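Thanks for coming, everyone. Please have a look at the structure on the screen before I start.

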Amino acid sequence: KKDKTRKQIVVGVSVVAVLAVAGAVSYGVMQLNKPSAWEAAADAKNVSAPKNTSGDDGTTVVIGKDSAKKTLELYEDSRCPVCATFEQSVGETVAKDVEAGKYKIKYIGATFIDNAANGEGSKNALSALGAALDVSPEAFLDYKSALYSAKFHPEETDDKFAKDDYLLEVADSVDALKGNKAFEKAVKDGTYDAWAMKMSKAFDKSGVKGTPTLMMDGKKITTEGSDNAPMTEADFNTAITAALKG
């Protein structure tokens, strides 16, 4: 009788264990099939667009004086090391030209490095740029410059921008964002995550294959004799002068 009881207990425990394993496997499969936060953001129907935007889902970002007749399209990925080189060497010149009313800039943000490196930094930085744009166009430009600076821009393989705390550390170097609670909340809450994903889709639809890419009047702006964006102030000034005349 004792042996029979022992067998029944063993069988009962085994059944519970099998059910527990089956439940765990089922839960694991459900979790694997559950869309990530970024996938959910990409599929979002309701998109909170930052101020100072226009167009579908607020993905048109044009900054500059209304009197400027030409627009420089600037395609960048926040994790892109070549974009960082461009911004560090030419970014100040672009900012001065925009301030002087030579041309406007139209910013198109990309996130393809995340796809290649299985990361989140490009997307997260783009969302934070949306939070800066909501503060002001000037805050957006200053924050973009800080993200690409030699001090803060990480190696391409280092996904630092995936961390909100690091993005906020960078923001502390921008007067308009330092201590700005609304900006901080938007970054931590991912207020502009869906907007960032819509912007990324706009980049994908543009046909541009790499960053940085500069265009004006539908034509690429490149260093003379090359298909690459100008990476020095001198080469940029030569190329942009020709583009403005065209």
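First, some ground rules. This is a predicted model, where local features need pLDDT of at least 70, side-chain atom pairs count only at pLDDT 80 or more, and totals for chains, interfaces and linings use all residues. Residues are numbered from 1 along each chain as its sequence is written, and side-chain values use heavy atoms, with hydrogens and water left out.

Now the overview. The protein has 10 helices and five strands. Both are DSSP runs, numbered from the N terminus: helices are H or I with at least four residues, strands are E with at least two. Of the 246 residues, 42% are buried. Buried means under 20% relative accessible area, exposed means over 50%, and partly exposed is in between, with a 1.4 Å probe and protein chains only. The accessible surface is about 13600 Å². Carbon and sulfur atoms hold 52% of that surface. These areas come from the Shrake-Rupley method with a 1.4 Å probe; for residues, only the protein chains shown count as cover.

What about contacts? A contact means heavy atoms within 4.5 Å. Take the contacts between residues at least 6 apart in sequence: 74% of them join residues at least 24 apart.

On to the sheet. In what order do the five strands of the open sheet lie? The order is β1-β3-β2-β4-β5, and the pairing is mixed. Two strands pair if DSSP finds at least two bridges between them. β1 and β5 stand at the edges with a single partner strand each, so one side of each has no neighbour in the sheet. β2 and β4 run antiparallel, joined by three bridges. Look at glutamate 73: its bridge partner in β4 is methionine 215.

Helices pack here too. Helix α9, residues 193-206, packs on the sheet and touches β1, β2 and β3. Its direction makes about 100 degrees with that of β3. Helix α6, residues 137-148, lies across β1, β2 and β3, at about 45 degrees to β2. For these angles, axes are lines fitted to C-alpha atoms, for helices over the stretch in contact, and angles run from 0 to 180 degrees between N-to-C directions.

Then find helix α7, residues 164-171. Tyr166, Leu167, Leu168, Val170 and Ala171 are buried there. What do the buried residues of α7 pack against? They pack against α5, α6 and α8.

Last topic: salt bridges. A salt bridge is a side-chain nitrogen of Lys or Arg within 4 Å of a carboxyl oxygen of Asp or Glu. How many does the structure hold? It holds 12.

Start with aspartate 217 and lysine 70, whose closest N and O atoms are 2.5 Å apart. Aspartate 217 sits in the loop between β4 and β5, and lysine 70 in the loop between β1 and β2, so the pair ties together parts 147 residues apart in sequence. Aspartate 217 is partly exposed at 49%. Lysine 70 is buried at 17%.

Next, lysine 96 and glutamate 92, at 3.5 Å from N to O. They are four residues apart in helix α3, about one helical turn. Lysine 96 is exposed at 54%, and glutamate 92 is exposed at 57%.

Finally, lysine 123 and aspartate 114. Their closest N and O atoms are 3.2 Å apart. Buried or exposed? Both are buried. They also belong to a network of salt bridges that links Arg79, Asp114, Lys123 and Asp159.
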